[in-house]
Amino acid sequence: MFPPERIRNFCIIAHIDHGKSTLADRLMQLTGAVPAGSRPQYLDKLQVERERGITIKAQTASLVYRHADGHDYLLNLIDTPGHVDFSYEVSRSLAACQGALLLVDASQGVQAQTVANFYLAFEQELALLPLLNKTVANFYLAFEQELALLPLLNKVDLPSADPAAVAAQMAATFDVVPSDVLAVSAKTGLGLRELLPAVVERIPPPAGQPSQPLRLLLFDAFHDEYRGVVCLVAVVDGRLRAGDKLAAASSGSEYEALEVGILAPEPHPTGELLTGQVGYVIPGIKDVKAARVGDTWHLARQPVEPLPGFKPIKPMVFAGLYPASADDYEGLAAAIERLGLNDASVTVKKETSDALGAGFRCGFLGPLHLEVFLTRLQQEHSADVISTAPTVPYEVELAGDPQHQQQQQQQGKEKQRLVLESVAEYPRNQKVSAIYEPTVLATIIVPQQYCGAVMKLAVARRGTQLDYSFMGGSSSSSSSSSIDSAGNSSASAAAADEHAGSSSSSSTQDGVDVLSAAAEAADTGDSSSSSSSAGFLASDRVLLRYQLPLAELAGDFYSKLKSATQGYASFDYEEGPLRPADLTLLELLVNGKAVDALGRLVPTGDAVRLGRALTARMRTLLDRQQYEVVIQASAGGRIVARETMKALRKDVTAKCYGGDVSRKRKLLQKQKEGKKRLRQLGGLSVPAEVFPELLKP
Ligand SMILES: Nc1nc2c(ncn2[C@@H]2O[C@H](COP(=O)(O)OP(=O)(O)OP(=O)(O)O)[C@@H](O)[C@H]2O)c(=O)[nH]1
């Protein structure tokens, strides 16, 4: 058994693809937790994770390591997800840790993801978010005293790696001491022998109280087909034994600890977990939603002060999911339920649409979460699904009758607000006095030459600039006033001049040389060594912060950003505040009847243009019918566009002249099957496949 001083709990913070999972594999092999040559990315378990190479569920592994001091140490490694939609999972993992490996790809440099996860690490201790107008460099000054940070440069084996430049960039961005940066290759194993001693020496042990009553932090939970819900927990104080009667602080619900153990990385029952340990407990429950992540659990008879930081999950993107074939509702319902068993963060409600029939309104943490859920429905449950356009939780303030309002104001009551999970809930028959929309605080890091393109896009998408600063040592923060809406910036031009003469540093794989060069660069404040022959690195990058409508992110913002910057932008966001928005309800009408599944809230200034585009698209997608069809768009109740399709007699068997009966029958049979996939639009039958086309942003 390990006393707290022989335990280290840590996680790995990194940008997507910088090598977290590969490093975790290596550490497990080095400590003998898994045999050498075992399958790569051992901790990534979902099929979609393997295919897309991303981590979605955080997983954990306990490793035993013998240090040169002759003692065995229990190292609990928590693998964190790599995408922003799952940042709540990152923050939960951080709460179970005392340290973090801050991993940066030596050929890519610091990316937005690393910066945003770093913000989260910081928030864990200081709750200073959101820090709107400060430069990243200033922000990190206070950080060192909090979660112990072990900066790592990975992929130093790559010919394009520029460890000296990236180490200097890390030193400048995260305020770490360059000589603390370890250079490793998770792939070849270079430098990894130095890493485990550094974990033991630089990350402090957990500070819990063994003699206090049991206090558990629940930081993850998943569903196991045979054992029900498995909770991952960190024992903050006291001792957890199998058979203990436990209670959840958030709900008061009671459970029995049927099995307790560590993940090594497969579950290994130990009968108990001591102060400071990380492991699993099986509480004998079926619904993963009962195991609320971030919650504090204690002995049922000994309540304790709950740990800070718990927040109930709040969906930020909603979409209606409908079966492509109308008679497959049950199949879709079963698939969503099974998938929901393992994903406590998705919310599901029944919903009926005139156009699409019976389906479900599901809430997700963000756009990627929605995409992953749809992919898993298709891949793991063979579900054929139509998803409506994603929408965000708008808040709509009703004007109400003036007398009632006056009364409410006198009583100091807020005006009545509706939260819309679906645009179909928009109050068409009541006067709306204001609409508020959720926003995000986005961090975008781009090579300086793409700055103008990013600013143009952000302005077009109703973004408000919060910060603009150069990365990699020479930080020059300018206010948004010096940047016009076309993205021309006097600061950018100055920076271009400043960096025009910067020389490339020689790249070497020798850790010591690399780091002393980095130290030198940081000491002299000289950023020239951080420019790279490998492409856009360090001093060439600009960090932009924007407040953007979440609805734009749920649309095509990210793909537009990628194409505007040829893939060089790195992008991340945190939740922002609600803000008032000038939006109008845009609807499509077929023969005078609104199609509920196609309603959207759009910027008022764009409503006419979007309405025209929508009717035109509808016209090209629909076959002409036996009767006249009128397609209209209405914005805020006013018709803004109209298309009329003249009647045409249609006979599917028309081509089958010459009395070929069997061919005729086949065609009619095909038509019958196709009918199951038809949907009603204003008395008009259209194939289900038309919807995704109409729903495109
Ligand atoms: N050359 C080289 N390649 C590496 C190294 N470490 C990781 N890679 C490769 O980089 C790619 C991404 O590695 P992963 O370990 O999947 O990255 P990750 O950070 O876990 O990615 P996410 O789970 O998506 O966040 C893989 O193709 C790895 O083989 C390294 O040290 N050197």
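Colleague: How many helices and strands are in the protein?
Modeller: The model is predicted, so everything here is computed from it. The protein has 697 residues, and 45% of them count as buried. Its secondary structure comes to 18 helices and 33 strands.

Colleague: What share of the contacts with a separation of 6 or more joins residues 24 or more positions apart?
Modeller: Take the contacts in the protein with a separation of 6 or more. Those between residues 24 or more positions apart account for 73%.

Colleague: Which strands pair with S5 in the parallel sense?
Modeller: Strand S4 (residues 99–105) pairs with S5 over 7 bridges, in the parallel sense. There, Leu101 stands opposite Leu150. Strand S6 (residues 182–183) is joined to S5 by 2 bridges and runs parallel to it, with Leu152 opposite Leu182. The partners are S4 and S6.

Colleague: What is the handedness of the β-α-β unit made by S5, H6 and S6?
Modeller: S5 and S6 run parallel. With H6 they make a β-α-β unit that is right-handed.

Colleague: Is Leu102 buried or exposed?
Modeller: Leu102 lies in strand S4. It touches Ile13, Leu149, Leu150, Pro151, Leu152 and Phe174, not counting residues up to four places away in sequence. Leu102 and Leu152 are 50 residues apart in sequence, yet 5.8 Å apart from C-alpha to C-alpha. Because Leu102 has 24 C-beta neighbours inside 10 Å, it counts as buried.

Colleague: How does Val200 count, given its C-beta neighbours inside 10 Å?
Modeller: Val200 is found in helix H7 (residues 192–202). Beyond residues up to four places away in sequence, it touches Arg8, His67 and Tyr73. Asn9 is 191 residues from Val200 in sequence and 9.8 Å from it in space, C-alpha to C-alpha. With 17 C-beta neighbours inside 10 Å, Val200 counts as partly exposed.

Colleague: Which are the edge strands of the open sheet of 4 strands?
Modeller: The order is S18-S19-S17-S20, and the pairing is antiparallel. Each edge strand pairs on one side only. The edge strands are S18 (347–353) and S20 (385–387).

Colleague: Which residue stands opposite Lys349?
Modeller: S18 and strand S19 (residues 357–364) pair in the antiparallel sense over 7 bridges. The residue opposite Lys349 lies in S19. It is Arg361.

Colleague: Which helices pack on this sheet?
Modeller: One covers residues 329–341 and touches S17, S18, S19 and S20; its direction makes about 140° with that of S17. Another covers residues 367–381 and touches S17, S19 and S20; its direction makes about 165° with that of S20. They are H8 and H9.

Colleague: How far does H9 reach from its first C-alpha to its last?
Modeller: H9 has 15 residues. Its buried residues include Leu370, Phe373 and Leu377. H9 is followed by Ser382, whose phi is positive, near 45°. The span is close to the expected value, at 21 Å.

Colleague: Why is one side of S11 and of S13 left without a neighbour in the sheet?
Modeller: The open sheet of 8 strands has the order S11-S10-S16-S7-S8-S15-S12-S13, with antiparallel pairing. S10 (residues 245–248) pairs with S11 over 3 bridges, and Leu246 stands opposite Tyr255. S11 (254–256) and S13 (267–269) stand at the edges, so each has a single partner strand.

How values were computed:
Residues are numbered from 1 along each chain as its sequence is written. This is a predicted model: local features need pLDDT of at least 70, side-chain atom pairs count only at pLDDT 80 or more; totals for chains, interfaces and linings use all residues. A residue is buried if 20 or more other C-beta atoms lie within 10 Å of its own, exposed if 12 or fewer, and partly exposed in between; C-beta atoms are placed from the backbone. Two residues are in contact if their C-beta atoms, placed from the backbone, lie within 7 Å. Two strands pair if DSSP finds at least two bridges between them. Axes are lines fitted to C-alpha atoms, for helices over the stretch in contact, and angles run from 0 to 180 degrees between N-to-C directions. A crossover is right-handed if, with the strands pointing away from the viewer, the path from the first strand over the helix to the second runs clockwise. The expected span of a helix is 1.5 Å times one less than its number of residues.
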